[in-house]
Amino acid sequence: MHLSRFPRVTLSHAPTPLEPLTRLSRQLGGPTIYIKRDDCTGLASGGNKTRKLEFLLGDALAQGATHLVTQGATQSNHVRQTAAAAAKFGLGCTALLEVRVADGAPEYYNSGNVLLDKIFNCTLESRPAGLDMNQELVAVGERLREQGEKPYLIPGGGSNAIGALGYVVCAQEMLMQANERQLRIDHVVHATGSCGTQAGLVVGLQGMNTGIPVLGIGVRAPRERQEANVHALAQATWDHLGLPGTLARETVQANCDYVGGGYGVPTPGMIEAVQMLAQTEGILLDPVYSGKGMAGLIDLIRRGQFGKDENVVFVHTGGSVGLFGYREVFAP
C-alpha cells in the first residue's frame, strides 16, 4: 500500500509506543494485554484523530483551503485536535457542537475539550441533538464561502476514506513494532464510534494479509448499524487505495453491549475501567470512548472470550482531556 501518493502533513509523534500492560494482565488473569498508545500522538494532548488529520489537512492544503469546518459532540476530541491543526497551519476553524448529552454537569459544557477549543480560537456553534450534522456542515461551508473563505469540510471524527488512511498507517506501524519484538498479535480491540479508526485498521491489517481480527467496542450505535457503517467506510477506503476486489463483510466485527444509557453517558463498567487502568498502569482513559472500550475488553476477558495464551492489543484512542468534563462522576 503506497500511502505516499496521498497529500499529507506531519502532526503525529509517531511511532506511538506499544507497551505491555503487565499489572492489568495479571489482575485480570486472562490474555496478555498490550496497549497501542495513540493517546500519545502529540497534537493538543494527543488522540486518534491526529493520524486522520495528517491526510485531511494534506488534502485541504492541496485544495487551497483557508478554513476548516467540522462537527462533533460537546466534548469532542476530534474538534479539539482539528482546532489545533488549523492553528498550526494558520487556517480558520469553525466547529458545530451537537448537544448529545442534555443533562451533564456544568463542567461538561465549559471545561475539558470545550476549554481547549476556545484556547485554540475555534469558532464554536451549538446544535441540538438529532440533526443531520454533516448537512449542517454544508450550510456553514456555504456561509463561509459567501464571506470569501475557501472552506474544507471534515465529517465528524474525521471519518471518511481520506481520514481513515491514518489508521491504515497505524496498522502498518503496529505490525512493524510487533515484528521487531517477535510479538504475535492475536486480537486488536478498540472503541469504535464514527468508524474511521476501525475502518482504517481493518483495511490496513487485511491489506497486509495478517489475519489479525479487529474488534470494535461500540460507544453509540447498535451493532448491526455500527458494523454496516464501518464496512461501508472500510470498502470506500479499500477502493481509495486501489486495492483489488472487495473487503469481506465478516472482517468487520463490533460489540455494542457496553454503550449503556447512550453516547457519553457514564456506565459502572466505564468508571471501573478508567480507575483500574489508572491504578494499575498509571494510564488515563477517557469517559466516552477508550473508557467504554476498555470496559468491554475487561468484561470479555472475564467471560473467557480470549485464551490465556493469547496476546491482545488495545488501541488507546486518547481523550483523557474529557475527564475534566466528568468531574462529578469520578470525584463527587
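These notebook entries record what I looked up in the structure.

**Ground rules.** I worked from a predicted model, in which local features need pLDDT of at least 70 and side-chain atom pairs count only at pLDDT 80 or more, while totals for chains, interfaces and linings use all residues. Residues are numbered from 1 along each chain as its sequence is written, and side-chain values use heavy atoms, with hydrogens and water left out.

**Largest pocket.** I looked up the largest pocket and noted a volume of about 720 Å³, a volume being the space filled by probe spheres set on grid points joined across faces, edges and corners. A pocket is an open set of points on a 1 Å grid over the protein atoms alone, where a 1.4 Å probe fits, with protein on both sides within 12 Å along at least five of seven lines, and lining residues have an atom within 4 Å of a point. Of its 37 lining residues, Arg100, Gly156, Gly193, Ser194 and Arg220 are the closest to the centre. I recorded the lining as nine nonpolar, 21 polar and seven charged residues, where Ala, Val, Leu, Ile, Met, Phe, Trp, Tyr, Cys and Pro count as nonpolar, Asp, Glu, Lys and Arg as charged, and the others, Gly among them, as polar. Among the elements that each supply at least two lining residues are strand 7 (187–192) and helix 8 (196–207).

**Cysteine 195.** I then checked the loop between strand 7 and helix 8, where cysteine 195 lies, and found that this residue has a positive phi of about 90° although it is not a glycine.

**Proline 15.** I also noted a cis peptide bond from alanine 14 to proline 15, with omega near 0°, and placed proline 15 in the segment before strand 1 (18–20). For background, most residues other than glycine have a negative phi, and most peptide bonds are trans.

**Second largest pocket.** Here I noted about 200 Å³ of space. Of the 13 residues that line this pocket, the closest to its centre are Asp103, Gly104, Ala105, Pro266 and Val329, and helix 12 (residues 327–330) gives the largest share of the lining, three residues.

Technical notes: Helices (H or I, at least four residues) and strands (E, at least two) are DSSP runs, numbered from the N terminus.
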